Structure formats: C-alpha cells, structure tokens
Amino acid sequence: MFQDRKHPCRRRFEPDFSRFPSVVFESDDWGACETAPNPVSACQYLQLFGRRQDAVTGTLESPAHLEALFAVLRRHCGVDKQTAVFTAFTSMGNPDFPAIEEAGFQRYIDIGFDQGVPPAWCSDGVLERMRAGQQEGLWEPEYHSLLHHVSPRLWMELLNADSREGQLARNLFKLQIYAQGRHIPEYEGYTLPEQNECIRTGFSRFRNAFGYLPRAAVTSDAYPETEILWAVNGIRTI
C-alpha cells in the first residue's frame, strides 16, 4: 500500500528486478527555450561559436514531437499492463526578451512556462499536449529549473559587460537565445533567501501548469543548500 497525490493505492504488480530488469525513462530540459527558435537562428548560433553548420541544434518541443513520443509509449506496456511513462523534468521560465531590452538590461524579466514562451519560439499547444499526456498516464512532469543552466543575475551582468563575452551575449540576445555556450549555474550569485524565492516561484508555476507540486527535482546547477531548500519546499527525490 502507498499514497499517491490523492488516494491510497495498492500496486497491482511489484517487480522483481532480479528477474525483470526495468528501464526508467527520465529526460531533462523540457520547456526550455535556450538555443534556437528557428533554423536561421540555429545557423547564426553555430557561426557565433565557430561550430560546424551540420551540427545538430535543438529547439523547443512541439505538439507533434510530443505526440510522436506518446505514440511510442502507448505501444509498450509492462507485465502489469501499464504503458511506459516518461518522467519529464521541466523548466518553468524563459526570458521576456522585449521586456529585458526595454529595461535596458538592468533587470531580469521572464515568462512563466505556465503562461507561454518568448514570441520567437513556436509553442502553440505544447502545454496542452503535455497535460493530455498526463491525463493519459504517459507523461509525468517534475521540476528542473527556472532558467536552464544560466544564472539570471550573471546573465544581466554579461549583457552589460564591455568585453568579448558581453558582446557575444548581446549578439545571442538579438537572436532570442540565452544559452551562452558554457555552463553558468542557475543559482550562482544568489543568497539562500533569494534561492528559496526562485524555487517557490518555479514550484508555483509548476502547480499552475500541471496541477500539483513537484515531488522530484534534478539539475547539475544545485548546491547542497539548494537541495535542502528543495526538500523544505516538498521535493522527496533528487
């Protein structure tokens, strides 16, 4: 017997992992609008970093991408007759590029994933398709980040910097790209209370988007104190 979000449940089948090896499907970065809103900006992004033009560059998932994945999951059931389920660690914020520019790069302003995405990114129906996957039992969102692999505070500093890195950041900004080609931990430069406020904001958006507070979280940006704050806010699995 165990407790899910609403009701006590009894598993219909408890796997013997020694006899029935299991596969866990965990995937990151859903909802993140960080690298290339369209093929043209993808080529420009690669040129800025001197990378090959045939390199693969990702973009925001589309409803068609999600439905193609769901179709695969529907075809595969366990011995308990349940379909496979994706645990989708989801980012809950993306930059509001026009608002940041209007503010003169002096403060970070974002768009919650529960409200939409930056204008250049094509996302009509993405959240609705995720919710449909939830209802079907194929899609299990959990928490990943607010801004994926970039500290908003350090990004604002880069956008104002008189340096090669600053110019690169501004060139990327014009393409509505926030990925800097290197890892800038999300919580870098934030105090514990500020980290907690970021987490609470992300969790609130997550509940608005998916109907429940997250129970699991994953990111390589977390400090030990970040994990404590996650736990205080309800995370059970890291």
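## Stop 1

Select D29, which sits in strand β3. The model you are looking at is predicted. D29 has a positive phi of about 80 degrees, although it is not a glycine. Most residues other than glycine have a negative phi. D29 counts as partly exposed, because its relative accessibility is 31%.

## Stop 2: the sheet

Now show β3, β4 and β7 together. They form an open sheet of 3 strands in the order β3-β4-β7, with parallel pairing. Which strands stand at the edges? They are β3 and β7, each with a single partner strand, so one side of each is left without a neighbour in the sheet. On average, neighbouring strands of this sheet are turned by 30 degrees against each other, direction ignored.

Next, select β4, residues 86-91. This strand is mostly covered, with 5 of its 6 residues buried. Two pairings can be followed from here:

- β3 and β4 run parallel and are joined by 3 bridges. Select E26 to find one of the partners: its bridge partner in β4 is T87.
- β4 and β7 also run parallel, and 6 bridges join them. Select F86, which stands opposite W139 in β7. Then select T90, which stands opposite Y143 in β7.

## Stop 3: helix α4

Select residues 126-136, which make up helix α4. Which residues of α4 are buried? They are V126, L127, R129, M130, G133 and Q134. Seen down the axis of α4, these buried residues fall within an arc of 160 degrees, so they line one face of the helix. An α-helix has 3.6 residues a turn, so residues three or four places apart point the same way.

Then move to G137, which follows α4 and has a positive phi, near 80 degrees.

## Stop 4: two helix pairs

Two packed helices are described by the angle between their axes and the distance between the axes.

The crossing of α2 past α4 is right-handed. To see where they meet, select P63, L66, E67, F70 and R74 in α2, then V126, R129, M130, G133 and E136 in α4.

For the second pair, show α7 with helix α8, residues 224-232. Here the angle is about 45 degrees and the axes are 10 Å apart. This makes α7 oblique to α8. Their crossing is right-handed. The contact involves L192, Q195, N196, I199 and F203 of α7, together with E225, T226, L229 and W230 of α8.

## Stop 5: the loops

Start with D16, in the loop between β2 (8-9) and β3. D16 counts as partly exposed, because its relative accessibility is 31%. Go on to K81, in the loop between α2 and β4. Is K81 buried or exposed? K81 is exposed, with a relative accessible area of 68%. K81 and D16 are 65 residues apart in sequence and 16 Å apart in space, C-alpha to C-alpha. For another distance from D16, select Y190: the two are 174 residues apart in sequence and 44 Å apart in space, C-alpha to C-alpha.

Next, select F105, in the loop between α3 (97-102) and β6 (110-112). F105 has a positive phi of about 60 degrees and is not a glycine. At 17% relative accessibility, F105 counts as buried, since the limit for buried is under 20%.

Q176 is buried, because its relative accessibility is 16%. What is Q176 in contact with, leaving aside its neighbours within four places in sequence? Show P37, F97, P118, P119, A120 and W121 to see these contacts.

Definitions and conventions. Residues numbered from 1 in each chain as written. Predicted model: local features only at pLDDT ≥ 70, side-chain atom pairs only at ≥ 80, totals over all residues. Heavy atoms only, no water. Buried < 20%, exposed > 50% of the residue type's maximum accessible area, 1.4 Å probe, protein only. Helix = DSSP H or I, 4+ residues; strand = E, 2+ residues; numbered from the N terminus. Arc of directions from axis to C-beta. Pairing = 2+ DSSP bridges. Left-handed = near helix turned anticlockwise from the far one by under 90°. Contact = heavy atoms within 4.5 Å. Axes fitted to C-alpha atoms, helices over the stretch in contact; angles between N-to-C directions. Parallel < 35°, antiparallel > 145°, perpendicular 65-115°, else oblique.
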